[in-house]
Structures are given as C-alpha cells and as structure tokens.
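Please read the points below with the model open beside you.

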Amino acid sequence: MTPSMMMPRTEPDETLRPRRDHRQDLLAAVRGVHPFSVLDVGCGDGAFLQEITADGSVRGVGLEPEEAAAARARARGLEIHSGRAEALPFANHSFDVVALDYVAHHVENLPRSLREAARVARRAVFILDGWYDEELPSQRVMRDLDDWRKRIDRRLGLVHNPCPRPRDLIDPLLASGPLEIDYACRLELRPRSLTQMETQTRRHLEAVAPAPDLAAELDRILDEGRLHGCTEAGALLLAARFS
C-alpha cells in the first residue's frame, strides 16, 4: 500500500483557491484575541506565521510534516517543529491560539486533528478553508472540479480531501469541551475560464491515465460548466473560543 502524504503547497490546485486573500481575514481574527503565542498547524513555508509575528509581540511556532517546506520556513528565522496535526507534540494549553490555514482538507483524520488543536489551545482555534455555495450551479461546477482533482491526488497517495463543511469542523470541536463557535462563509462569484480549467484538468488526468472513470466524470463536469459557468471558490472562516 502506498503511504499517504500531505499535499505539497505548490500543487496546481492553488488555481482553485479563492481569488481574494482571505488570509487577511484570518490574520485579523487571530490578532483580534490579542494572543501572546500562536501555533500554525501545517505552516508550509511559514508565510502566515511570519506575518502574525512581524511586530515581535507574538511568539509564533509552526508545525509542518514536509521537510522541504519546513526548511523554507526555518530559513525565514521561524521556530518550526516536525509532526502531524493528528498528534501535536505539545502539552495541553501550550498556545493561546491554534490556527489551521487551508490545512483541514489535507489531514488524514480531521476529527482527531481538531481535537488535538482544541487540546493545545488556551483561548481559541481558528480555521480557514475553501467553501462553495452548493445552491448555485456555477459553484457546484467549481466544487466538482476541485473534488475531481483531489480524487486523482488521492490515487497518487496524497492526502487531499474535499473542503470541509461547517458541521465537519463544529462537531469534533464541541466534543472537546465548552466552546463558543462562530463562522462566516465568504462567497466569490468571479467567473473562471472553463477553457483554462479544462486544459489544467486534462493535464492533471495524465498523471493517472488511463483512467476512463475519471475521464468520463470530467466530461460530465465540463458539460455542466458549459451550461452553468464556473465561479471562484469562496472561503470558510471558523473561530472556536473557549468559554
């Protein structure tokens, strides 16, 4: 059995990410609780962590399972630990805030990862991830394209799951104890070029070809896109604060 791996941050699925920089919303939310310490789970190359610690008032720590990404983050002068979200190598209540920045769909066991985040946090857990308004046909097309590409990545042994719905995040967090939870879903309706998306997805398909089931599914999704159009992915920002 091929071992599963975290998805590299430079994978082509970056093109499916929201156009607007929702990380600024996450940054503002984290700063809003005035933390003295922040753990960035799945910190990648450390860009968000560097920004949250820029003024020197916050101790920032990153956790990253991929050594290449961790090395880039350390090159920024950041404190980075190796490990996985499902088993955080920190004691209970080690950080004021734990943040998961577009990481929830990259972990093998999301409920366990969220319980670990709540265990390590003293004051709050913040989660930013992709979101689609499934009531809108053009959003369903984008969601289906995103999920289709992730199916290919999973066949390649990568951990790349569908974007979590609010309930996927809320239930495991509430199981961790009394929390005040609020979230916002930010909708993007900027049209995407279906021609460009088709070129990208057919190139992605080559990684597992021949795959007639995936090819047929892609044709169906593209037909829906020609009918309804395809619009930008939105974002889900969730805050769980300890009572």
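Notes on the predicted model

1. The residues lining the largest pocket divide into 5 nonpolar, 1 polar and 6 charged. In this count Ala, Val, Leu, Ile, Met, Phe, Trp, Tyr, Cys and Pro are nonpolar, Asp, Glu, Lys and Arg are charged, and the others, Gly among them, are polar. The lining is made of G130, W131, Y132, D133, E134, E135, R143, D147, P162, C163, P164 and R165. At least two lining residues come from each of β6 and α5 (137-155). The volume of this pocket is about 210 Å³. A pocket here is an open set of points on a 1 Å grid over the protein atoms alone, where a 1.4 Å probe fits, with protein on both sides within 12 Å along at least five of seven lines; lining residues have an atom within 4 Å of a point. The volume is the space filled by probe spheres set on the points, which are joined across faces, edges and corners.

2. On the basis of the values: this is a predicted model, in which local features need pLDDT of at least 70, side-chain atom pairs count only at pLDDT 80 or more, and totals for chains, interfaces and linings use all residues. Residues are numbered from 1 along each chain as its sequence is written, and side-chain values use heavy atoms, with hydrogens and water left out.

3. The protein chain has 8 helices and 9 strands. Its radius of gyration is 18 Å, close to the 18 Å that the globule rule gives for 243 residues, so the chain is as compact as a globular protein of that length. The radius is taken over C-alpha atoms, and the rule is 2.2 Å times the number of residues to the power 0.38. Helices (H or I, at least four residues) and strands (E, at least two) are DSSP runs numbered from the N terminus. The C-alpha trace spans about 50 × 35 × 35 Å along its principal axes.

4. Of the 243 residues, 52% are buried. Buried means under 20% relative accessible area, exposed over 50%, and partly exposed in between, with a 1.4 Å probe and protein chains only. Among contacts with a separation of 6 or more, 76% join residues 24 or more positions apart; a contact means heavy atoms within 4.5 Å.

5. Helix α1 (residues 23-32) buries D25, L26, L27, A29 and V30. These residues pack against β2 (37-41), α2 (47-52), β5, β6, β8 and β9. R31, also in α1, is partly exposed at 43% relative accessibility. Beyond residues up to four places away in sequence, R31 touches E51 and I52. Just after α1, H34 has a positive phi of about 50 degrees.

6. Helix α6 (residues 166-174) has P166, L169, I170, P172 and L173 as its buried residues. Their cover includes α4 (110-120), β6 (121-131), β8 (179-186) and β9 (234-242).

7. The loop between β4 (79-81) and β5 (95-101) contains S94, as well as H93. H93 has a phi near 55 degrees, positive although the residue is not glycine, and is partly exposed with a relative accessible area of 47%. S94 is partly exposed at 22%. S94 and V38 are 56 residues apart in sequence, with their C-alpha atoms 9.2 Å apart.

8. Most residues other than glycine have a negative phi, and most peptide bonds are trans. Y102, in the loop between β5 and α4, has a positive phi near 55 degrees. Y102 is buried, with a relative accessible area of 4%. The peptide bond from A209 to P210 is cis, with omega near 0 degrees. P210 sits in the loop between α7 (194-205) and α8 (212-228).

9. How many disulfides does the structure hold? The count is 0, where a disulfide is a pair of cysteine sulfur atoms within 2.5 Å. For C185, the nearest cysteine sulfur is that of C163, 11 Å away. C185 is partly exposed at 32% relative accessibility. For C230, the nearest cysteine sulfur is again that of C163, 13 Å away. C230 is buried, with a relative accessible area of 3%.
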